[in-house]
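Grab the model and work through the exercises below. Each one sets a task and then walks through a solution.

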Amino acid sequence: MERKTTHIPQADIDRQLQYCLEVKEVYQSRGVQPLAFVDTYGCQQNEADSERIRGYLRQMGFGFTDKEAEADIIVINTCAVREHAEQRVLGNVGALVHTKRKKPDQLICLCGCMMQQQHVADKIKQSFRHVDLVFGPHVLWKFPQFIHGLLSRRGRIFQIPDEAGSIAEGIPVVRQDGVKAWVSVMYGCNNFCTYCIVPHVRGRERSRDPELILDEVRQLVAEGYKDITLLGQNVNSYGKDLDNAMDFADLLREVNAIPGDFLIRFMTSHPKDATDKLFMTMAQCEKVAPVLHLPFQAGNDRVLKVMNRRHTRAEYLAKIARLKELIPDIVLTSDVIVGFPGETTEEFEDTMRVLEAVRYDALFTFIYSPRVGTPAAEMDDPMSRQEKLANFNRLVALQDQISEEKHRAYIGKTVRCLIDGTSDDPRWTLTARTPGNRLVRLDGPTDAVGQFRDVKITDANKWSLYGELV
């Protein structure tokens with residue numbers, strides 16, 4: 001649980017940028033315009049990591065493609081949270097043997113949380129011989145060095161050091177669009193929930209310098225970004241390792257004070273660290289979106305204790321009640337695990353009661369997936385897959401009903417939304433988001449993208465809202 005944060009010296013980042021130039025010269029000498037394909041699985045932190053990978057690739061002279069067969073470098077940024085995501089990655093990586101056969105100089109690189117697991121790296125090394133590079137989140141900042149190594153000598157590279165983690169500033173970034181942006185405020189996790197592999201692959205909690213965060217947000221606002229999400233595995237732990245006294249609520253106030261017309265979002269929060277100070281700050285800061293993702297995972301106290309969640313059902317519900325008191329129109333989302341080892345159907349009923357009490361706008365629901373190296377993977381799990389699936393289906397049905405009811409309550413209202421993109425559906429050419437992050441489909445001119453516009457909601461279903469520009 002070492003809290004001392006290691007910062008990568010700027011000289012080391014400068015050396016990585018020099019490697020970028022040397023890689024660029026290699027491809028220039030071949031007389032080709034190299035292309036890169038970057039595919040991302042998992043959470044928003046992985047998306048932010050992929051933006052830094054693209055930033056490095058741009059410095060190396062790469063353009064980007066969405067076709068694996070065209071790419072000179074393929075980078076797959078992986079997720080380790082659930083088995084399904086891992087199986088999808090392995091299936092897609094296996095299929096790349098065909099693109100490599102047609103393009104022998106193609107470099108195939110795997111990174112992210114899944115690769116930080118030693119048993120996965122060993123499997124890649126033994127069974128996926130066409131993969132050239134495997135590296136974990138701790139050494140992402142060395143990506144140009146690895147590519148330079150692959151181009152300058154023969155042999156594969158595997159880099160998954162077991163360490164607490166570090167902070168590397170100054171890595172170039174290529175963002176996905178000009179409307180929404182991710183800003184990492186901290187990395188790692190110290191919670192060690194018994195089902196979760198994240199602390200084992202992402203390292204210990206470490207907070208970025210608040211001034212660097214504020215500088216990044218100021219730059220994004222100056223560039224016209226309208227929707228800025230502050231990221232961390234547990235943002236509410238921000239600042240615990242800093243020398244100066246600043247917590248996440250303080251940081252929110254500082255970001256809110258930056259001039260400009262933009263929304264502030266953040267994720268993810270842990271109930272044990274979601275304080276009244278945070279809720280008061282959200283209520284008082286006009287740019288902080290009225291939405292909170294607050295995972296409760298299970299509604300039964302015995303299950304929560306075995307999960308090592310360090311909050312009770314009553315404590316969680318009390319915080320939700322206080323939040324609704326301060327922000328009556330708050331949009332709430334959460335994560336739920338169904339079928340945790342040892343959970344009975346009677347205990348699952350407590351989870352259903354939490355849904356009925358809170359009435360979430362949306363849920364992210366999962367059947368428990370054992371992760372190698374976590375305590376839960378070794379626990380007795382007597383409930384059958386069929387029973388778990390039955391409980392899961394009941395949970396989804398209840399949440400679908402609640403989501404549709406809450407969405408239909410928007411019909412007839414006019415809501416200030418951010419037009420955030422276009423759609424291929426000719427009926428609904430634009431997509432937008434309410435302040436509470438509800439998806440809105442509507443028709444309108446493409447030059448509205450990036451603008452806040454009033455939208456009258458005309459229809460809804462359990463997934464989204466439909467509207468028209470006012």
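Before we start, helices (H or I, at least four residues) and strands (E, at least two) are DSSP runs, numbered from the N terminus. This is a predicted model, so local features need pLDDT of at least 70 and side-chain atom pairs pLDDT 80 or more, while totals for chains, interfaces and linings use all residues. Residues are numbered from 1 along each chain as its sequence is written, and side-chain values use heavy atoms, with hydrogens and water left out.

**Exercise 1. Find the largest cavity and describe its lining.**

Step 1: set the rule. On a 1 Å grid over the protein atoms alone, a cavity is a set of points where a 1.4 Å probe fits but cannot get out; a pocket is an open set with protein on both sides within 12 Å along at least five of seven lines; lining residues have an atom within 4 Å of a point. Grid points are joined across faces, edges and corners, and a volume is the space filled by probe spheres set on the points.

Step 2: count and size. Three cavities of 30 Å³ or more turn up, and the largest holds about 150 Å³.

Step 3: The largest cavity has 13 lining residues, with R52, P137, S166, Y187 and R206 nearest its centre. Both α2 (44–59) and β8 (166–167) supply at least two residues of that lining, and α2 has the largest share, with three.

Step 4: sort by class. Ala, Val, Leu, Ile, Met, Phe, Trp, Tyr, Cys and Pro count as nonpolar, Asp, Glu, Lys and Arg as charged, and the others, Gly among them, as polar. The lining of the largest cavity then splits into six nonpolar, three polar and four charged residues.

**Exercise 2. Do likewise for the second largest pocket.**

Step 1: its volume is about 430 Å³. Of its 22 lining residues, I171, V173, R175, R208 and E216 sit closest to the centre.

Step 2: α2, β9 (180–184) and α8 (210–222) each give two or more residues to this lining. The largest share, five residues, is from α2.

Step 3: by class, the pocket lining has ten nonpolar, four polar and eight charged residues.

**Exercise 3. Work out how α12 and α13 pack.**

Step 1: axes are lines fitted to C-alpha atoms, for helices over the stretch in contact, and angles run from 0 to 180 degrees between N-to-C directions. Helix α12 (residues 313–326) and helix α13 (residues 345–358) make an angle of about 10°, their axes 11 Å apart.

Step 2: angles under 35 degrees count as roughly parallel, over 145 as roughly antiparallel, 65 to 115 as roughly perpendicular and the rest as oblique. So α12 and α13 are roughly parallel to each other.

Step 3: list the contacts (heavy atoms within 4.5 Å). R313, L317, I320 and K324 of α12 meet D350, R353, V354, A357 and V358 of α13. The contact has five nonpolar, no polar and four charged residues.

**Exercise 4. Which backbone features stand out at T268 and Q297?**

Step 1: most residues other than glycine have a negative phi, and most peptide bonds are trans.

Step 2: the M267 to T268 bond is cis, with omega near 5°. T268 belongs to the loop between β13 and α10 (276–284).

Step 3: Q297, not a glycine, has a positive phi of about 70°. Q297 is in the loop between β14 (291–293) and α11 (301–307).
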